[in-house]
Amino acid sequence: MTEISIKIPQKRCSKCKKVKNLDEFANRKVSKDGKRGTCRECNNKYANNYYYGITEGVKTQETEPTGIYKNCNTCGERKDLIDFRIRTRNADGRDTKCKSCLSKEYKEYVKTFDAER
Ligand SMILES: [Zn+2]
Ligand SMILES: [Zn+2]
């Protein structure tokens, strides 16, 4: 077998503008070159922002139970308010789903970036 090419295919990330090896980009059948326009690193950053970065109240680290309970809209469990993130835009100032549902959802969300192989 002859060596065809030793050139490593590369691509520029549309977010961070860095040129990276193609395997740093998740596959995406619908795009022209079969790859995502953004690198995995940027995808992960985006996923992080989606749930945690740009939301309010992230700095507030609560450790004490509030003694106030609320039902999670997703798993239906009754949990202390400490299990719900602070969301000042919501009527009761808390997220509608508990933190464990949120992180589960977040993991699923991240997975979709690599699911299109
Ligand atoms: Zn990037
Ligand atoms: Zn829940």
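The chain has two helices and eight strands. A word on terms: helices are DSSP runs of H or I with at least four residues, strands are runs of E with at least two, and both are numbered from the N terminus. From that end, the order reads β-β-β-β-α-β-β-β-β-α.

This is a predicted model, so to speak of a local feature we need pLDDT of at least 70, and side-chain atom pairs count only at pLDDT 80 or more, while totals for chains, interfaces and linings use all residues. Residues are numbered from 1 along each chain as its sequence is written, and chains are lettered from A and ligands numbered from 1 in the order in which they are written.

How confident is the predictor? pLDDT is its confidence in each residue, from 0 to 100. The average over the chain is 82, and 79% of the residues score at least 70. Among the elements, strand 6, residues 78-80, has the highest mean, at 96. Helix 1 has the lowest, at 74. Then look at residues 53-58. There pLDDT stays under 50. For that stretch the model has 11 contacts beyond four places in sequence. A contact, by the way, means two C-beta atoms, placed from the backbone, within 7 Å.

Next, burial. We count other C-beta atoms within 10 Å of a residue's own, with C-beta atoms placed from the backbone: 20 or more is buried, 12 or fewer is exposed, and in between is partly exposed. The chain has 117 residues, and 11% of them are buried. What about contacts along the chain? Take those with a separation of 6 or more: 34% of them join residues 24 or more positions apart.

Now some single residues. Start with lysine 17. It sits in the loop between strand 1 (10-12) and strand 2 (19-21). Is lysine 17 buried or exposed? Exposed, because it has 8 C-beta neighbours inside 10 Å. Its phi is near 65°, a positive value in a residue other than glycine. Most residues other than glycine have a negative phi.

On to strand 4, residues 35-39, where we find lysine 35. Lysine 35 counts as partly exposed because it has 19 C-beta neighbours inside 10 Å. Which residues does lysine 35 contact, leaving aside neighbours within four places in sequence? Lys11, Leu22, Phe25, Asn27 and Arg28. Lysine 11 is 24 residues away along the chain, and the two C-alpha atoms are 9.2 Å apart.

Helix 1 next. Glutamate 41 is in this helix. It is partly exposed, because 14 C-beta neighbours lie inside 10 Å. Glutamate 24 is 17 residues from glutamate 41 in sequence, and 8.0 Å from it in space, C-alpha to C-alpha.

Alanine 47 is also in helix 1, which covers residues 40-53. With 18 C-beta neighbours inside 10 Å, alanine 47 is partly exposed. Not counting residues up to four places away in sequence, alanine 47 touches Tyr109 and Val110. Alanine 47 and valine 110 are 63 residues apart along the chain, yet their C-alpha atoms are separated by 6.2 Å.

Last stop: helix 2, residues 99-111, which holds leucine 102. Leucine 102 has 19 other C-beta atoms within 10 Å, so it is partly exposed. Arginine 85 is 17 residues from leucine 102 in sequence and 9.2 Å from it in space, C-alpha to C-alpha.

Definitions and conventions:
pLDDT = per-residue confidence, 0-100.
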